[in-house]
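This briefing is meant to be read with the sequence and the coordinates side by side.

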Amino acid sequence: MNTFKTLGILAGISMLTACSEPKKETTILVTNQLDKERTFETVSLTKDFLKVNDLTGLGVRELKTGTLLVTQSVDTDGDGTMDELLFQPTIAPNSEQKYEIVPIDKDAQPTAPEYCYSRFVPERTDDYTWENNRVAFRVYGPTAQKMIEDKIPGGTLSSGVDAWLKKVEYPIINKWYKETLDGTGNYHEDTGEGLDDFHVGVSRGVGGMAVRQDTVYHLSKNYTGWRTITTGPIRTSFYLEYENWDAGGKLIKESKIISLDLGSNFSKFDVSLEGSNEVSAGLTLHEKDGEVTANTDKGWVSYWQPHGDSELGTAIVAAKSTFIGFEKYDTETKDLSNAYAHLKVKNNKTVYYAGFGWKESGQFGSQQEWEAYLDEFSTKINNPLVVTLTP
């Protein structure tokens, strides 16, 4: 089993009012309140929190050692100004660490491989695909939907989330598409890097949404608009929007920001939704030969299944304040059997995490290891790193 650590989780940070440029001695304190070491968790420092107008040219230095950390600046709204500064600290159990926010020349900034990547893929209809050093996913766009509606071969009508089963750290998206399209390879066959043999159809795949009305689950169609927000060494994120859709008489308005951080098996779904105070995020049950398990106290539902010559775990995780319950929905209709996590929508917002672990990748050797990862992931999102400004 590979010795990967977890996770990529956005630390909760209160917002302050932007006003002035930072001084060299601006210092933050990051506190770990758990009895576990924290690594591969992303701290996001906003320009409002740091009281600056732009984060361009700023770096993060560990105060104790003077070490500069790898960072990533993000323009969240596309206006050309950097709004967030990301970094991943290492914090010992039940401890705290101070960091300085310092001006830094580009040449002095530490670099790292840009494993967190996503893009629109017009050469393969209109997929949107994303990955990090552990997992990869894709969703389907309006052209793929129209091809189905016009009875043109090769389309896809689904708002489900596909899983690309990679077993290498380095990026594979561009390589796999190129080889498949130019005939030099095929991403449906494993030549050592992994493959796409995860069937989605109209199922929810790994984290697609539905709205339940009585006993019926209603589904949106393909995304209609997209915008890449960021790619880099720490995070990739992007925006998707959907045409308004009907859920048993309810008009649903839906958009979302999906992000995937270095070291995590889970994409974060930050959903804006009008028309329902509850949604369900699903996991396809495929051949129904696996096991649905859940921990309602921890806020997760999982499906562990045989997959080819290996095994595969998929899961939905949400904060305990968001997770309502779960259901194994079994029907004879093809691809509509899913394990669902029921989630609260508050002020037209909900947040959940969806991801997978493939035994063949070496990341998880058994269902028990996968579920232990889910417990730990849940503990961390319910107890985020605490970040404060210090005098």
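A residue counts as buried when its relative accessible area is under 20%. The model is predicted, and the mean pLDDT of its chain is 93, with 94% of the residues at 70 or more. Over residues 1–23, however, the pLDDT is below 50, although this stretch has 89 contacts in the model beyond near neighbours in sequence.

**Leu 50 and its surroundings**

- Leu 50 belongs to helix 1, which covers residues 47–50, and with a relative accessibility of 5% Leu 50 counts as buried.
- Once neighbours within four places in sequence are set aside, the contacts of Leu 50 are Thr 26, Ile 28, Leu 45, Leu 55, Ile 101 and Leu 389.
- Between Leu 50 and Thr 331 there are 52 Å in space, C-alpha to C-alpha, and the two are 281 residues apart in sequence.

**Aromatic pairs around Trp 370**

- The model contains 23 aromatic pairs, among them Phe 364 and Trp 370, whose ring centres are 5.1 Å apart and whose planes stand at 80°, so that this pair is edge-to-face.
- Trp 370, at 0% relative accessibility, counts as buried, and Phe 364, at 4%, counts as buried too.
- Trp 370 also pairs with Tyr 373 in a stacked arrangement, with 5.9 Å from centre to centre and 25° between the planes, and both Trp 370 and Tyr 373 are buried.
- Because Trp 370 and Tyr 373 are 3 residues apart in helix 4 (residues 367–382), about one helical turn separates them.

**Aromatic cluster**

- One aromatic cluster is formed by Phe 120, Tyr 128, Trp 130, Phe 137, Trp 226, Phe 238 and Phe 356.

Notes
Residues numbered from 1 in each chain as written. Predicted model: local features only at pLDDT ≥ 70, side-chain atom pairs only at ≥ 80, totals over all residues. Heavy atoms only, no water. pLDDT = per-residue confidence, 0-100. Contact = heavy atoms within 4.5 Å. Helix = DSSP H or I, 4+ residues; strand = E, 2+ residues; numbered from the N terminus. Buried < 20%, exposed > 50% of the residue type's maximum accessible area, 1.4 Å probe, protein only. Phe/Tyr/Trp six-rings, centres within 6.5 Å; stacked < 30°, edge-to-face > 60°.
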